[in-house]
Amino acid sequence: MINPVVYFLLLLKASLFSTGGFTNLPSIHQDLLARKWATEADFAQAIAIGQVSPGPSGLWVVSLGYLTDGYVGAFLAVLAITLPPLLVLVAAAQYRHLEQRPRARAAMTGVAHAAGALMLSVVWTIVNQPGADGRGVLVAVGAFGLAVTRKVPVVVILAAAAGVGYLLYR
Amino acid sequence: MKANGTIPADVGAVRHDNKRNHQLTLWRFFGVWASIGVQSIGGGAATTLLIQRSFIERYRVVSADEFARLWSISVVTPGINLVAMAVLLGHRAHGSRGIVAALSGLLFPSAAITCGMAAVFSRLAQVAGIQAMMRGIVPATGGVMLVVALNFLWPVTRASALISRRRSLVSGMLVLSGTLGVSMAHLSPIAVLVGSAAVGGLVLVTPHQPKPQRESQDEREPMQTQDGGGR
């Protein structure tokens, strides 16, 4: 039987000590498996759903919440991923003071470079997933070409990619 | 719209000098976020691109370089960066009500759809046609993410290029080493962020920084002026 308070606190802890959509995964994986509140299959399924469902990639936690504890689990998951990012207001409040200092400003410029690099590393990870092949790279290049025009909605690009995937891999 | 007392004016203030931004009522703001939330199939890449298009290009809530600045704050904040970004953009557009509008618009419709998908997906996951479509969608999200990354890096690296060749080189090295460090050496993203902050703090210190984009010059507030001149 899942204790909702403990369940929420575990999800909240994982979110507090992570940055990005998937870095809370190891902590949640460890805590829920240890209590037998989730199975490996739940995690695999939740991550798969997170990839095809709309919204930020971190919503995989919501599907995990639903799979493990129904609508209560999903609600607690939404709450747990919503609260920690509110700390950004504190960070923004401090940022004004920091930005008056050239060295702190330069450090934030360094962080901006790192943030871009992290995005590029995500691209690398995506196109090098197990099972990826040359056809997948072509799909990625095609999606890039459409997205860079700014004229094609992203949802249309991904729908087209689904169609291409169906034709190529079924 | 007044800013929260503890938050800098530049974070919470509505930009009345902006021709597009004043059209963004609270309800429309909520609608834009809800639209982003339900359209952004494919995870963070699609979401970020839609946010860029909506709030930089269409409604001009922020400029491109300012978006990069806010993103830098978001990535050092716990939790999902895009949620933190929604908090900042919500606060900028409509104060605390904007935060509620942004978060509820971004998260609740998409979370409801996610729940619905969780209910049915387990039955469909093994269907060969669905798996084939996923093999098309996944690399496409990579292509979309590349556009997001380039949109993000453009103002940052261009600002370096305008200052000096040396700074431009450092800028390129930071991006390259960060990308390879995480992708090939499997470094922790936190380590890359901290390391880049340290290198930036040591090497990228300049008393004057250029205004990387003309449109952003018009939108800057005194706090954001890098030369301290209070434009």
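Biologist: Is B:Arg60 buried, partly exposed or exposed?

Modeller: In this predicted model, B:Arg60 is found in the loop between helix H3 (44–58) and helix H4 (64–75) of chain B. Buried means under 20% relative accessible area and exposed means over 50%, with partly exposed in between. The relative accessibility of B:Arg60 is 38%, so the residue counts as partly exposed.

Biologist: What is phi of B:Arg60 near?

Modeller: Most residues other than glycine have a negative phi. B:Arg60 is a residue other than glycine, yet its phi is positive. The value is near 55°.

Biologist: In which loop does B:His186 lie, and is the residue buried or exposed?

Modeller: B:His186 has a positive phi near 55° and is a residue other than glycine. Its place is the loop between helix H7 (165–183) and helix H8 (189–203) of chain B.

Biologist: How many helices and how many strands does chain B have?

Modeller: From the N terminus on, the elements of chain B run α-α-α-α-α-α-α-α-α. The count for chain B is 9 helices and 0 strands.

Biologist: At which residue does H6(B) bend?

Modeller: Helix H6 of chain B covers residues 128–163 and has 36 residues. From its first C-alpha to its last it reaches 54 Å, close to the 52 Å expected at 1.5 Å a residue. A bend of about 35° is found in H6(B), and the proline B:Pro155 follows within four residues of the bend. The residue at the bend is B:Leu153.

Biologist: Which residues of chain B are in contact with A:Val62, leaving aside neighbours within four places in sequence?

Modeller: Within chain A, it is in contact with A:Ala74, A:Ala77, A:Val78 and A:Ile81. From chain B, the residues in contact with A:Val62 are B:Ala111, B:Thr114 and B:Cys115.

Biologist: What area do chain A and chain B bury between them?

Modeller: The size of an interface is often given as the accessible area lost when the parts come together. Here 87 residues of chain A are in contact with 103 residues of chain B. In chain A, A:Pro54, A:His113 and A:Met119 lose the most area to chain B, together 9% of what that side buries. Of the area buried between the two chains, 76% is on carbon and sulfur atoms, and the total is about 8,200 Å².

Biologist: Which residues form the salt bridge across the interface of chain A and chain B?

Modeller: The rule finds 1 salt bridge across this interface. One partner lies in helix H6 of chain B and the other in the loop between helix H6 (102–127) and helix H7 (134–148) of chain A, so the pair joins two chains. The closest N and O atoms are 3.8 Å apart, and the side chains that meet are those of A:Asp133 and B:Arg135.

Biologist: How far apart in sequence are the parts tied together by B:Arg92 and B:Glu66?

Modeller: The side chains of B:Arg92 and B:Glu66 meet in a salt bridge of 2.6 Å, N to O. B:Arg92 is buried, and so is B:Glu66. B:Arg92 lies in helix H5 and B:Glu66 in helix H4 of chain B, so the parts tied together are 26 residues apart in sequence.

Conventions:
Residues are numbered from 1 along each chain as its sequence is written. Chains are lettered from A and ligands numbered from 1 in the order in which they are written. This is a predicted model: local features need pLDDT of at least 70, side-chain atom pairs count only at pLDDT 80 or more; totals for chains, interfaces and linings use all residues. Side-chain values use heavy atoms; hydrogens and water are left out. The expected span of a helix is 1.5 Å times one less than its number of residues. The bend at a residue is the angle between axes fitted to the seven residues ending there and the seven starting there. Contact means heavy atoms within 4.5 Å. Buried area is the accessible area (1.4 Å probe) that two parts lose on being put together, summed over both. A salt bridge is a side-chain nitrogen of Lys or Arg within 4 Å of a carboxyl oxygen of Asp or Glu. Buried means under 20% relative accessible area, exposed over 50%, partly exposed in between (1.4 Å probe, protein chains only).
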